[in-house]
Amino acid sequence: MPEGASDAAYQALAIPILAATAGSPLRLSTTRDDLLQSPPRRAASVLARLASGAGLADLRRVPELLPLRPLAWRLKQLIDAAADIDDEQLRAIKIPVRLLASTEDRILPSLDECKRLRRLLPRAQLTELKGAGHCPLLEGEISLAELIPAEELERA
C-alpha cells in the first residue's frame with residue numbers, strides 16, 4: 001500500500017491484492033482431507049468450496065487481522081533489521097537452518113533469497129515447495145510437520 005493510504009483504501013484493496021498474489025486459489029482452497037480423495041472427487045470438493053467462498057475465508061479476514069498501521073510498522077521493522085545484517089554475520093551462524101522456499105511466490109523472491117542464504121549459512125538445508133505461492137502453509141498440500149521431521153526438531 002502506498003504511504004499515507006487510508007484504512008478504508010487498505011480495507012478495499014487488501015483482499016484483491018492478496019488474492020492475486022498469495023497463490024493459486026485452488027491450492028489455497030485444498031484441505032489435507034481433500035488429498036485423501038480420488039482426483040475427480042478432490043477437484044469437485046475443492047471447486048465447490050471455492051465457489052462458495054469458504055475456501056478463501058481466511059484471506060477475507062486479513063484486513064481485520066492485520067490492520068494497516070501495525071502491518072506497515074512491522075514491515076518497516078523487518079526491512080530495517082534485514083539491512084543491518086551483513087553476509088559475515090550470516091556466515092557465523094553455525095546451527096542447522098531449514099530454508100523453505102515457494103517456487104511460485106509472487107510477492108517476494110523467496111527461492112532466490114533462500115538460495116543466497118543457503119550459500120551463506122554453513123549448515124542450511126533448502127526445501128523448495130514446488131508450485132506453492134506466498135502463503136504455502138495455508139495450502140492443503142503443504143504440511144510443516146512433514147517438511148520438518150520430529151528428529152530434526154529434537155536435535156535443534
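Q: Why is Thr127 called buried?
A: Thr127 sits in strand E2, where strands are DSSP runs of E with at least two residues, helices are runs of H or I with at least four, and both are numbered from the N terminus. Its relative accessibility is 16%, and buried means under 20% relative accessible area, with exposed over 50% and partly exposed in between (1.4 Å probe, protein chains only). So Thr127 counts as buried.

Q: Before going on, what kind of model is this?
A: It's a predicted one, where local features need pLDDT of at least 70 and side-chain atom pairs count only at pLDDT 80 or more, while totals for chains, interfaces and linings use all residues. Residues are numbered from 1 along each chain as its sequence is written, and side-chain values use heavy atoms, leaving out hydrogens and water.

Q: What does Thr127 touch, not counting residues up to four places away in sequence?
A: Contact means heavy atoms within 4.5 Å, and on that basis Thr127 touches Arg98, Leu99, Leu100, Ala101 and Leu147.

Q: What makes E1 and E2 a pair?
A: Two strands pair if DSSP finds at least two bridges between them. E1 (residues 97–102) and E2 (residues 124–129) have 6 bridges, in the parallel sense, so they pass the definition. Ser102 stands opposite Leu129 in E2.

Q: Why is the β-α-β unit called right-handed?
A: The unit is made by E1, helix H8 (residues 110–120) and E2. A crossover gets that label if, with the strands pointing away from the viewer, the path from the first strand over the helix to the second runs clockwise. This unit is right-handed.

Q: What makes up the largest nonpolar core?
A: Such a core is a set of buried Ala, Val, Leu, Ile, Met, Phe, Trp, Tyr and Cys residues joined through side-chain atoms within 4.5 Å. The largest has 10 residues: Leu90, Leu99, Ala101, Leu111, Cys114, Leu117, Leu120, Leu121, Ala124 and Leu126. E1, H8 and E2 are the elements giving two or more residues to it, and H8 gives the most, with 4.

Q: Which residues of H8 are buried, and what covers them?
A: Ser110, Leu111, Cys114, Leu117 and Leu120 are the buried ones. Their cover includes helix H7 (87–91), E1 and E2.

Q: How many helices and strands does the chain have?
A: There are 10 helices and 2 strands. Of the 156 residues, 28% count as buried.
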